[in-house]
Amino acid sequence: MTEEQDLIDQSPPPSAPDPEPNSSTNPNSVIHPRRVSFEHGLLPIQKLVFTDPIQTLAPVKQKLADAASNNRVGSAAIADVLQISGDHARLVLETLGSVLHSESDPLVRAKPEEVDSVGADLRDLILFLYIQSYKKLLPRTHKDSAAVADVWPSTSAFDGYLSALSPIQSCNILFPVWYGCSIESFRKQSYNLKLFSVFYSHCSLLVRSNSRRFMPSQADDEAHQLSYLQKHLANIISLLAEPVEGEGDESLVFSMEAFEHLRFLVQFGDKGSDVSPLSQATPFFANSDPDMPAVPVPASQVHDWLLQNIASALESITERISGKENGPSNDQDDAMSDVCAAPNKVAPSTRGPCLIEGVSKTSLVKQASDLRGRSVKVVNCHDSVIYLLAPLRYATVHGCSDTTIVLGAVGKAIKVEHCERVHVIVAAKRVCIANCRECVFFLGVNQRPLIVGDNHKLQVAPYNTFYSHLEEHMREVGLEPTINKWDKPLALGAVDPHDSLSHPAGVADAQAESAASVDPDQFVNFLIPNWFSGAELGSTKDNPFPLPDAYMAAQQRNLKNFEETRRSLKEAPLEENRKRELSSALHVYFKDWLYASGNIRQLYCLQGD
């Protein structure tokens, strides 16, 4: 049995009551993993990744409980018990707060200066620590060798592995195999530079093809996450259950309050259930008197009921995946699968993020009314300018290159991964950058930017734009414009322990490359045109994030130089024909700059719109 098959294979579930009669037709009765916990809630801190979670976390839970106040644990106790730094303990709280299921939790509502003291609910913290053992789904291997025949002569052992790498990384792996020498020694031979350039282009095409075609779909990820929960459910239940007097299965019980914390991991319904109590979906808590404490139920009953629902959901997903592989499917995961036939599209989803995939050599403009969901994924977009001017909860940018992406206000978290030469402009609560190359990030961010994995030549800069509804969107998602930690990036390990791909031994604790600040003299404002002249304008007239003094001074200096140059040209004692020649020369230089900087793409796109 292959590893991928093992992920979705299940043994027969234990005997349990049959599901509700309408479970096959009522989408609100289907259990789903809460994906944001797995997608935005993992930290590559080695001391948090337990090889045997139940054996390690049981004593850790007891130590945290001893240090807790009102069942909440602050950063000092987290640092002491887990033996991590204060910065990492703070990061644990901020990350947990960004993926919590309850908007009313004190950690979610805490001001930045209150986070360390408010702390986390012990049960949420234990669940957060437990899933740090989760490993992401392996990329799928090629099923159709002809799909890449025009890119590479044949499929190889590297297929599937390459989809998680950048072209630069892939060249370092493949070059010695095909040419029998290292890239460094080959580069020294100047007569081979053209051949190397062609080779790099092939690497880039191959990686793009792999990542676009074989990136796990939403259904693949969901099956993987449910399988993980299925495997570890007994341990999770035992960590959250409360001991009482009794023997065997009767010695551990679940209160309704403890059960609600499982919302951190699972939800019911296609639209999610971040608001609806999880207990209302159960046969043992659903009809409880709201004015009376619900009677605790045996932990074994909770375990069997959840296991039955997970097994049913896995069976349904497996059938869906099988149907997609064997024939046409109406599943929304496939709405953007053929980006060549349907480029520049947005795939809406009633459950999960809005998917924007395969945008190439164009511009895409979407505002709040166009993005029905509260989360968005931008995947495999190239040589484009993408504007997503909306209030969002979560955002992911994956596998893009040579693209400028402008997002509105992201209230929870944005993750940018496996991108090259991308400019990202975003106002967000938190930002995570992973495995990116030669990217620039213009940030209005309330928490320290997190940099993980294998990065190279990253730059960060203050936020540099605005649109008329920006401040309204920021208020809606809870962003504070007076706090901008763009220049305080926190770099963690260069190897992500959650990545299922194999890694060289002995590099687990290697420090990731951090990001440099953009030179103030190179900093420019980014103009977002108002395409929607008939729409109601908002109140934002300027960048809501104050610029640091050095950047403000540079802008004022550049503006002064521009005005002086313009005045000098206007007052220059030149004949009319000489003025026309000078004007033509300036236009030529400006056009050359547009092409050299890549801004010609944006200009053409704006003309088209």
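Colleague: What should I know before I start?

Modeller: This model is predicted, so local features need pLDDT of at least 70 and side-chain atom pairs count only at pLDDT 80 or more, while totals for chains, interfaces and linings use all residues. Residues are numbered from 1 along each chain as its sequence is written, and side-chain values use heavy atoms, leaving out hydrogens and water.

Colleague: Which order do the strands take in the open sheet of 3 strands?

Modeller: Strands are DSSP runs (E, at least two residues; helices are H or I, at least four), numbered from the N terminus. Two of them pair if DSSP finds at least two bridges between them. Here the order is S4-S5-S7, with antiparallel pairing. S4 (242-243) and S7 (297-298) are the edge strands, each pairing on one side only. S5 (residues 252-254) is joined to S7 by 2 bridges, and Val 253 has Pro 298 as its bridge partner in S7.

Colleague: Are the faces of strand S9 buried or exposed?

Modeller: Buried means under 20% relative accessible area, exposed means over 50%, and partly exposed lies in between (1.4 Å probe, protein chains only). In S9 (residues 354-357), Cys 354 and Ile 356 on one side are buried, and so are Leu 355 and Glu 357 on the other. S9 also pairs with S11 (residues 375-379) in the parallel sense over 4 bridges, and Glu 357 stands opposite Val 379 there.

Colleague: Where is Leu 574 found, and how accessible is Leu 574?

Modeller: Leu 574 sits in the loop between helix H16 (549-571) and helix H17 (576-597). Its relative accessible area is 37%, so Leu 574 is partly exposed.
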